[in-house]
Amino acid sequence: MNARKKSRRRGAVAVILALAIVFIAAAVLCALVCRVRTVRVEGNEIYGDAALVENSGIKKGDFLFAVNRSAVVENILHRCSVVKKAEVSLRLFDTVVITVEEQSPAFYTTVGTSTVFFTADLRVTGVAEAGGDTYDAVFCALPKVKRADAGEVLAFYEGTGEYVSVFLKACAAEEHFGLITEIRAESERDCCFFVGPDYKLVTGGNSEIELKLRIGFAMLENERVQKEKTATLDLSDPKEVVVKPGKPV
């Protein structure tokens, strides 16, 4: 009887050892075989594949299952301002797939040494190093920014910045928005924007802002204004627009 028990124990130990050897061999084989050799990018039109791979932080030769997908997404969203959404998936035995959804930002500003891209409702779409591509976004001079985190709303040191969002939404909704080259919105009363280097339109606050914008762009097509070639249009009172000839500042 004892001999049988011993035999069974030896058999169980042998099975356990065999399974352990198989498991270790499989782990070693997986570690050797499952290495990142291909990074495929999908959904991109503005960014090139190489730029997205470089900014993702993924390196060729990394262990496939050690790729930190959440860190890769965070890297891309932080470094690639045009990317609105990113997902990362793994494909056996050597491929990482990065799928992105791009959205050209409407506005940008500078905060310290960074360029901050954002939407009309002040949601930060991305933060990049200053001096890079601005993707045809319109530059905005804003009140002093306290915080600008990707995916969050811009926070200002003074006030809520609600007037800024109202002003930017009106500008973005205007059919001639594509003509605007710069916006200044450091304070509500002094909100203004430029059409090229030659025309400045002062709104004097957000009251009747949509009407002011329509009148302002209509005035730019006025023969008298075009004859001036350079001018500042004060739209504070949309019923009586003041045209000041001369290079705007």
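**Close-up 1. Asp-198, a partly exposed residue, and its partner Lys-247.** In this predicted model, Asp-198 has a relative accessible area of 27%, so it counts as partly exposed. Asp-198 pairs up with Lys-247 in a salt bridge, and their closest N and O atoms sit 3.3 Å apart. This pair ties together distant parts of the chain: Asp-198 belongs to the loop between β11 (192-195) and β12 (199-202), while Lys-247 is in the segment after β14 (242-245), 49 residues apart. Lys-247 comes out at 55% relative accessibility, which means it counts as exposed.

**Close-up 2. The salt bridge between Arg-184 and Glu-182**. What separates the closest N and O atoms of Arg-184 and Glu-182? The gap is 3.2 Å. Arg-184 is partly exposed, with 24% relative accessibility. For Glu-182, the relative accessible area is 24%, and this residue is partly exposed too.

**Close-up 3. Arg-147 meets Asp-149**. Here the two side chains form a salt bridge, at 3.5 Å from N to O. Arg-147 has a relative accessibility of 42%, so it is classed as partly exposed. Asp-149 is put down as partly exposed as well, because its relative accessibility is 37%. Stepping back from the close-ups, the salt bridge count comes to five. As a general point, side chains of opposite charge can pair when their charged atoms come close.

**Close-up 4. Thr-232 in strand β13**. The strand itself runs over residues 231-234.

**Close-up 5. Phe-177, a buried residue in a loop**. The loop in question lies between α4 (162-173) and β10 (180-184). Phe-177 counts as buried because its relative accessibility is 18%, and the limit for that label is under 20%. Which residues does Phe-177 contact, once its neighbours within four places in sequence are left aside? They are Ala-106, Phe-107, Val-138, Cys-171 and Ala-172. Another phenylalanine to look for in this view is Phe-217: 40 residues separate Phe-177 and Phe-217 along the chain, and their C-alpha atoms are 9.7 Å apart.

How values were computed:
Residues are numbered from 1 along each chain as its sequence is written. This is a predicted model: local features need pLDDT of at least 70, side-chain atom pairs count only at pLDDT 80 or more; totals for chains, interfaces and linings use all residues. Side-chain values use heavy atoms; hydrogens and water are left out. Helices (H or I, at least four residues) and strands (E, at least two) are DSSP runs, numbered from the N terminus. A salt bridge is a side-chain nitrogen of Lys or Arg within 4 Å of a carboxyl oxygen of Asp or Glu. Buried means under 20% relative accessible area, exposed over 50%, partly exposed in between (1.4 Å probe, protein chains only). Contact means heavy atoms within 4.5 Å.
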